[in-house]
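Subject: Structure handover

Hi,

Here is the structure you will be working with. Please open it alongside this email and follow the residues as you read.

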Amino acid sequence: MNFKKIMIFSAAMFLSQNLFARRAPTQPNSYDGIAPTARAMAMGGAAAAQMITKDAAYYNSAALAFMSGAHADISAVIMRKSGASPSEVAKIDPSGQGLTSAFLIKDNGAFMWQALSDNTIKVQNPDGSWRQVETYINSLTFASGQKNDYGFSVGLNMTYLYGKIGESSVNSLGEPYSNIGSGNGFALDLSFLVPMGYGTYFGLNLKNLAGFMFWNDYNIEQLPFTIRAGFGYVYKGLAFDIDWDRKFYRFGSLPESAYYMGIEQSLSNFFVFRAGASYDENFDSDPIKYSYGLGFHIKGYELSFASEQYKINDKDFSKYMITFNASVF
C-alpha cells in the first residue's frame, strides 16, 4: 500500500513539473555540429563514404574498420567574418569560434569531443523589451567500426551530451527575468560502409536513432533524426565524395535536405589541395557554400587549413579553420 502511494505521488510530481515546463530555447540546428576538421570543411563536408578518414567518428564510424595505428587531432575555428549581426550568424552557424573538436583514434575505435553550440542570440523589440539566450552544448562520442563476413563494415556511435542555457529578458513593462538551466543527454548512431569495387564506396549514417537531451527547468528535447548517404571514390592521390543529407528537425524552418561534394588531390608527398561545395535541396544559388583548403604532411604530422564562404541574410560570411594531426602507424 505504501509502495502504491509512493508511485502515485511520484507520478503526480512528474506531471506537475512538466505541466509548467516549456520547450528549451535552443535552435533547430543546435545539435548538428560542423565539419569537425579542416580537411572535412575544405571538402565541402562530404565524407559519408570515405574509406580511410579521421573524420569517421562524425560522418560514418563504419570507416573505422579500415583504420590502423594511433591518431590524435585537434581543430579550431580561428576566425569568422560577416556583415550580418552576431545573432544572425549564431542562428545559422551555432557552434561559434575557438576549439571545435578533438579526438583520439586507436585502430578501430575512436573517442571524440565536439563543440555543438557556443553562441548568444539577442532579440530587441520596438517596445523596448528584449530577450537574450546563451547556449553551450558539447558532446563526447565513443565510436567503433567492425568488418563482417559479407564484405561491408558496420559502425556504432554512443554519445554523451552536456550543456547549459542562460536566458534573460525584460518585458515591455520593464520587468526582468533570468534563468540558467543545465542539461545532459545521449544519442546513438548506426552506420554502414560498403565497398562497390574499383575504389568506389557507398556509405550510410543513421544519426540520432535515439537521441534525447534532459534539461532542468525545460521539457525533454528529442534530437533531430538524420540520414546521410554518399558515394566516395579513391584512386592513388585522388579522392572524390558526394553526399546527400536529410535532417528531420522537430521545429523551425531551416532547410532539411542538402547535397555535399568534395575533392582532394595530393600534389606531392608533402602538399594536398582540397575543394568542395554544398547546396540546399532546391539548388538555389544564394545558399551555396564554397570551401577550399590545403594540407601539409611532414612524416607522421599534418597541418591543414580550410575556409568556407556563403551568405547569411544576403550578407557575406566566411570562416577559417585549422587542424593539427599526429599519427603513429
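Phe271 is partly exposed, at 23% relative accessible area. Here, buried means under 20% relative accessible area, exposed means over 50%, and partly exposed lies in between (1.4 Å probe, protein chains only). Before going on, note that this is a predicted model: local features need pLDDT of at least 70, side-chain atom pairs count only at pLDDT 80 or more, and totals for chains, interfaces and linings use all residues. Residues are numbered from 1 along each chain as its sequence is written, and side-chain values use heavy atoms, with hydrogens and water left out.

Aromatic rings

The whole structure holds 14 aromatic pairs. Rings of Phe, Tyr and Trp (its six-membered ring) pair if their centres lie within 6.5 Å; planes under 30 degrees apart count as stacked, over 60 as edge-to-face, and the rest as tilted. Phe212 and Phe214 make a tilted pair, with 6.5 Å from centre to centre and 35° between the planes. Phe212 is partly exposed at 28% relative accessibility. Phe214 is partly exposed too, at 40%.

Phe271 and Phe296 also make a tilted pair. Their centres are 5.6 Å apart, and their planes are 45° apart. This pair links distant parts of the chain: Phe271 is in strand β12 (residues 271-280), Phe296 is in strand β13 (residues 289-298), and 25 residues separate them. Helices (H or I, at least four residues) and strands (E, at least two) are DSSP runs, numbered from the N terminus. Phe296 is partly exposed, at 25% relative accessibility. Ring pairs join Phe271 and Phe296 with Phe270 and Phe305 in a cluster.

The charged end of Arg228 sits over the ring of Tyr260, 4.4 Å from its centre. The charged end of Lys289 sits over the ring of Tyr310, 4.5 Å from its centre. The test is that NZ of Lys or CZ of Arg is within 6 Å of the ring centre and within 35 degrees of the ring normal.

Strands and turns

Two strands pair if DSSP finds at least two bridges between them. Strands β1 (residues 70-82) and β15 (residues 315-328) run antiparallel, joined by 12 bridges. Asp73 has Asn325 in β15 as its bridge partner. β15 also pairs with β14 (residues 301-312), in the antiparallel sense, over 12 bridges. There, Ser307 is opposite Tyr320. β14 and β15 form a hairpin with two residues between them, and Asn313 in the turn has a positive phi of about 55°.

β1 is joined to β2 as well, by eight bridges, and these two run antiparallel. Ala72 stands opposite Leu104 in β2. β2 then pairs with β3 in the antiparallel sense over six bridges, and Ile105 has Ala110 in β3 as its bridge partner.

Where is Asp107 found? It is in the loop between β2 (98-106) and β3 (109-124). Asp107 is partly exposed, at 30% relative accessibility. Tyr198 has a positive phi of about 55° and is not a glycine either. Tyr198 lies in the loop between β6 (176-197) and β7 (200-215). At 81% relative accessible area, Tyr198 is exposed.

Cores

A nonpolar core is a set of buried Ala, Val, Leu, Ile, Met, Phe, Trp, Tyr and Cys residues joined through side-chain atoms within 4.5 Å. In soluble globular proteins, nonpolar side chains tend to be buried together. The largest core here has 27 residues; Tyr59, Leu64, Ile105, Ala110, Leu193 and Met321 touch the most other members. The elements giving two or more residues to this core are α2 (38-42), α3 (56-59), β2 and β3. A second, separate core has 12 residues, including Ala24, Tyr31, Met213 and Leu223.

A serine to look up

Is Ser61 buried or exposed? It is buried, at 2% relative accessible area. Ser61 lies in the loop between α3 and β1. Its side chain makes a polar contact with the side chain of Asn157, at 2.9 Å. A polar contact is a pair of N or O atoms within 3.5 Å; within protein, one must be able to donate a hydrogen and the other to accept it, and residues adjacent in sequence count only if both atoms are side-chain atoms.

Best wishes
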